[in-house]
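The following exercises are to be worked with the sequence and the structure at hand. Each task is followed by a solution in steps.

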Amino acid sequence: MSSITELMPFVVLIPLIAGPVCALLPGRGLPWLLATLAMTTAFILSAMVLAAVFDGATLSYAFGNWAPPVGIEYRVDAANAFVALLITGVSAILLPWGKPLVDDEVPERQGSFYALVLIALAGLLGITLTGDVFNVFVFLEISSLATYGLIAHGRDRRALIAAFRYLIMGTVGATFLLIGIAVLYILTGSLNMVDIAERLPTAEGARALQVGLGFIVVGLAIKLALFPLHHWLPNAYTYAPSLISALIAATATKVALYVMLRFIFDVFGAAYSFAALPLAAALMALAIGSMFAGSWLAIMQSNLKRMLAYSSVAQVGYMVLGVSLTTLAGLSAAFLHLFNHGLMKAALFASAGLVAYRCGGLGMNDLRGIGRQMPWTLTAFALAGVSLVGLPPTAGFISKWYLLSAAVAADQLWLVGLILITSLMALIYIARVVEIAWMQPRPEGAPAVQEAHWTLLAPVWVLVAANFWFGIDTRLTVGGATRAAQALAGGVWP
Amino acid sequence: MTPFLAVLIPFLGAAVISLAANRPRLRDGLCFALPVPLFLTVVGVLVRRVGGDDAMEQTLVEWIPGVSLTLSAQPLGLIFALLASTLYIVATPYAIGYLRAGGYHHLTRFMACYAIALGATMGIAFAENLLTLYLFYEILSISTYPLVAHTGTEKARSGARTYLALLLVTSIGLMLPAIIWIGASAGTLSFTAGGILDDSVSPGAGALLLVVLLYGIGKAAIMPFHRWLPAAMVAPTPVSALLHAVAVVKAGVFSVLTVVLYIFGLEYTQSLLTQPLMLYIAVFTMLAASLVALRQDNLKARLAYSTVSQLAYIVTGALLATELAAIGGGLHMLMHGFGKITLFFCAGAIYVASGINTVSGMDGLARRMPLTMLAFFIGALCVIGLPPTGGFWSKWYLISGAWSTEQYLVVSAFVLSTLLNIGYLMPPVMRAFLRPPPDDEPARYRLSEAPALCLVPLLVTAAGTLVLFILADPAYRLLAMGIP
């Protein structure tokens, strides 16, 4: 146990240290190799960490040997180990996949590009593992700044505007978070999560605490792209380089949701949070808004990546909806969907990336008849789409099943209808792409498109296979999600 | 020889067929070979089950706490699996012959999806609980979509869209919530003799569940959710024949029978407030679809509406909620399967050989295609329910079941519908045999049957309907094992 505690910080440190080293490496091969190795190592480490905390243990590491309330503490339980596994796992699969695409889209100065990738991931992992609220802010800024830079690498000039818009929204969000953290510090004199939680009862009457909670939730809702604060997301996902779209779609919003839950449950305490503000009602309303607005806008899109981006907004809605049920089952469903959605969106964005790589455009017109020319890619897309719609035997079905069961158990039967309607909306936008790609002929005079190389296809199919594997063998996902929910809300919620 | 093997073989077959995409002869050989091991496995399971073995329950994985992915061999499922796997053997050469003669493309995709659909059908037939059934039910919906849209024309795509939309809207929107509801209140989803719902839900909830679940099983094509079946007729005829006369639609009525027998239970179904309502909706579907069929000139559309009507027979049989009618429903699944696939095979053969796809164009056709038209005649007799074909027995038991519950309205509806069957199935036969060809070209008198790969299967299935007239008793006894 002690050795794994010593190793746990390296999940963050390895990418954080490898990042600057990467920036110094010349050429195209070395930076990529280092980034891949770093993330693979981090993946193995986080799998070990999850195994160590799976039974409800908590790992705590004090940086520089400064004891917790004073120094920075990394504190890992099942909830953040589960999220860290998703981040490192998806990036370890996507980095090998992304190499030729990055060569194509970012031909020069790849050292700094991969450095930014590693730093962005290190930031996300830092937010996930830390037990210190100010540290959350620092890592949030680290990852956000790196992400702005990465999005601006997109080939389309509109990527610059997208990055700038994200920068403004992201900064607003981070500032809100900082204000909330400042309030916490003023009221308690501490920045350590556990310590704050212990001291807060003395300050519970304060109006300032309510305001602080409000700032933190809104600030993180921006990073989470919860409707109606989602405006930065579609452009950012659409114009970013393919690798970055896939990476941040699978990880960034998930981390924001996780850390929001950490604040609500561990720092403020669920009992206080849901009593001080009408949080359950607000989250439920926004979640339903996300589900419908996201699905509807996704149906309206004519660009594949943008469609997937709006679909992410809708999927975030499902997760938040699970939280807003205020039951342990709902929270488990939220964590489950957090993980599963990471898998399906990574697979979808990865196959969309291959289409963009081979065929150049991602408009619906470019996709006509592409299925026959890139059968493996488009089959992967269709299968991942089945998971997104939520049909058995995929991970998406398991998410839906638990979410629906939680809604039934919470006596919110009307939500069942809403969830199912938005699932059918997902069916519309996925089936449309499948039909265009497979059942329509190529446009006249369109150049023939080659199927991607098998080395590019293999990671995509690993992700697709994961979607099916976790749709049948649910021990890891459901077990992890249940324990994550238990770690956060055990004993507070029924 | 276990249920799992029967489910596995077609899926593996689909994978192997896909891998052989670049070697057409090898691929076609695999397609021909695939149904044989499947059929032998199903027969093996049947022999073991009838020989006194238990249900061979196999739990593949604990899927969701309390519900696992489990297969088992039950009598009703065995009948269904036997029907589908037998007809798969004859449908495969037919499909290859038809697609070659018709100049269709993308044979690999077609045959792979065909195999997956059969695997899903086996899964439905051998499902031990409602969630396992749902899993394969959805796989069946998805895997048949590429088959319906196969030609890729605007018409095919819009038909396939209707098809997929109606099937998935009903299954996701109604069936899934009903399953979750049942699971939450009964605590189990296993198919149990006598049902699992008696004590666990209020009578009102049970009545609502019956409606939601029956409409959720969109593949049973109860009006007003029947539109997908005529829409699916844009598919090449082998698809219409095996899938939309046998596998898919029978999966629907099989699910209805299973749900009524093993989730609700016969007695409980009878006590439900909505049972008469659903019964009359089924009866209405039966008559209305027949009336629509009368007015269809397109042969495949006529057969499609006839299928809607015949499916309603089986749903009616289930909803009468007596043993005799339920057995009649199970038998009709079998008999109608053989009869209707024969009719579709004939329709496809006629189209391939002469380009005719309307009833009005069939004048004098029997001179050119005597064997096909003879088979058509026998298939029609089976669907109508006349001896010496198997269809006679299933109608016999259905009507007896209705009689025994004193539902004389239903009895008369059965009789009336039989008359309507004659009304829409006999004109094509009479036109072909009795009328002269439209003009006196000598070419119209020359014998020109469809290719042998198409002709032999339809003769085999036509003969099958006659054999079933004699073999109805074993089928009855097998069904009686599962319906106490």
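**Exercise 1. A loop alanine in chain A**

Ala225(A) counts as buried, because 28 C-beta neighbours lie inside 10 Å. The coordinates come from a predicted model.

Task: Locate Ala225(A) and describe its phi angle.

Solution. Step one: Ala225(A) is found in the loop between H9 and H10 of chain A. Step two: its phi is positive, about 60 degrees, although Ala225(A) is not a glycine.

**Exercise 2. Loops of chain B**

Task: Determine whether Ala321(B) is buried or exposed, and where it lies.

Solution. Step one: Ala321(B) lies in the loop between helix H13 (299-319) and helix H14 (323-354) of chain B. Step two: a residue is buried if 20 or more other C-beta atoms lie within 10 Å of its own. Step three: Ala321(B) has 23 such atoms and is therefore buried. Step four: its phi is near 55 degrees, a positive value in a residue other than glycine.

A further loop of chain B, between helix H8 (203-216) and helix H9 (228-231), contains Pro224(B). Met223(B) and Pro224(B) are joined by a cis peptide bond, with omega about 10 degrees.

**Exercise 3. Two packed helices**

Task: Classify the packing of H15(A) and H17(A) by the angle between them.

Solution. Step one: helix H15 (residues 328-359) and helix H17 (residues 375-389) of chain A pack at about 155 degrees, with axes 9 Å apart. Step two: angles over 145 degrees count as roughly antiparallel, and H15(A) and H17(A) are therefore roughly antiparallel to each other. Step three: their crossing is left-handed. Step four: the contact of H15(A) with H17(A) has nine nonpolar, four polar and no charged residues. Among the residues in contact are Met344(A) and Ala347(A) in H15(A), and Phe381(A) and Leu388(A) in H17(A).

**Exercise 4. The contact between the chains**

Task: How many residues does each chain bring to the contact, and which helix gives the largest share on the side of chain A?

Solution. Step one: chain A gives 23 residues and chain B gives 22 residues. Step two: on the side of chain A, helix H18 (395-409) and helix H19 (413-439) each supply at least two residues. Step three: H19(A) provides the largest share, nine residues. Step four: by class, the side of chain A has 17 nonpolar, four polar and two charged residues.

Key
Residues are numbered from 1 along each chain as its sequence is written. Chains are lettered from A and ligands numbered from 1 in the order in which they are written. This is a predicted model: local features need pLDDT of at least 70, side-chain atom pairs count only at pLDDT 80 or more; totals for chains, interfaces and linings use all residues. Axes are lines fitted to C-alpha atoms, for helices over the stretch in contact, and angles run from 0 to 180 degrees between N-to-C directions. Helices (H or I, at least four residues) and strands (E, at least two) are DSSP runs, numbered from the N terminus. Angles under 35 degrees count as roughly parallel, over 145 as roughly antiparallel, 65 to 115 as roughly perpendicular and the rest as oblique. A crossing is left-handed if the near helix is turned anticlockwise from the far one by less than a right angle, and right-handed if clockwise. Two residues are in contact if their C-beta atoms, placed from the backbone, lie within 7 Å. Ala, Val, Leu, Ile, Met, Phe, Trp, Tyr, Cys and Pro count as nonpolar, Asp, Glu, Lys and Arg as charged, and the others, Gly among them, as polar. A residue is buried if 20 or more other C-beta atoms lie within 10 Å of its own, exposed if 12 or fewer, and partly exposed in between; C-beta atoms are placed from the backbone.
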